[in-house]
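This report is written for a reader who meets the structure below for the first time.

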Amino acid sequence: MIQFISKWWPSGICIALILYATLASNPTPDVDMSFFPHIDKLIHAIMFGGVTGALAFDYERANRVALPMLRKKILVYAAFIAIFAVADEIAQALFTETRAAEVWDAIADFSGIAIAVVMAPPVIMKVLRIR
């Protein structure tokens with residue numbers, strides 16, 4: 001268990017933060033974000049793109065594989081996170097009174113995931129100095 005946590009803790013933190021941010025009734029009390037219309041969609045894209053990149057980073061950090069393998073793996077992670085995004089929207093509708101499932105939130109989630117699929121592999125390879 002300790003080995004698992006040591007490999008995947010950044011991803012775990014990202015997932016925990018997403019669950020809190022999307023399922024808590026008021027995750028940002030006293031913060032007015034009305035100055036930027038639809039900022040919540042940008043936040044959704046960043047959250048779900050970020051967790052996709054974190055999963056890929058954690059995998060690469062633990063396994064140090066070549067770029068083609070990382071590109072294949074990130075597609076698997078992207079599919080997993082897309083399912084997580086849909087499940088999260090459904091959970092908002094079913095388990096919260098102050099939140100609702102929104103198609104545009106899911107589209108923002110998918111957009112962030114797609115950006116991570118393209119951007120994360122070369123960045124990860126550069127950060128970890130792998131060719």
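## A buried serine

In this predicted model, Ser11 has a relative accessibility of 2% and therefore counts as buried. Ser11 is located in helix α1, and, when its neighbours within four places in sequence are set aside, the residues in contact with Ser11 are Val51, Ala54, Leu55 and Asp58.

## The pairing of α1 and α2

Helix α1 covers residues 2–23 and helix α2 covers residues 39–63, and their axes, which come within 8 Å, cross at roughly 165°. Because of that angle, α1 is roughly antiparallel to α2, an angle over 145 degrees being what this description requires. The crossing of the two helices, α1 and α2, is left-handed.

## Phe48 and its surroundings

Phe48 belongs to helix α2, and with a relative accessible area of 0% this residue is buried. Not counting residues up to four places away in sequence, Phe48 touches Ile18, Ile81, Phe84, Ala85, Asp88, Asp109 and Ile113.

Which distance separates the C-alpha atoms of Phe48 and Phe110? They are separated by 7.6 Å, although the two residues are 62 residues apart along the chain.

## The chain as a whole

The secondary structure of the protein chain consists of four helices and zero strands, so that the order of elements from the N terminus on reads α-α-α-α. The C-alpha trace spans about 45 × 35 × 25 Å along its principal axes.

Of the 131 residues in the protein chain, 37% are buried. Among the contacts in the chain with a separation of 6 or more, 80% are accounted for by residues 24 or more positions apart. The protein chain exposes about 8200 Å², and 72% of that area is supplied by carbon and sulfur atoms.

Definitions and conventions: Residues are numbered from 1 along each chain as its sequence is written. This is a predicted model: local features need pLDDT of at least 70, side-chain atom pairs count only at pLDDT 80 or more; totals for chains, interfaces and linings use all residues. Side-chain values use heavy atoms; hydrogens and water are left out. Axes are lines fitted to C-alpha atoms, for helices over the stretch in contact, and angles run from 0 to 180 degrees between N-to-C directions. Angles under 35 degrees count as roughly parallel, over 145 as roughly antiparallel, 65 to 115 as roughly perpendicular and the rest as oblique. A crossing is left-handed if the near helix is turned anticlockwise from the far one by less than a right angle, and right-handed if clockwise. Buried means under 20% relative accessible area, exposed over 50%, partly exposed in between (1.4 Å probe, protein chains only). Contact means heavy atoms within 4.5 Å. Accessible areas come from the Shrake-Rupley method with a 1.4 Å probe; for residues, only the protein chains shown count as cover.
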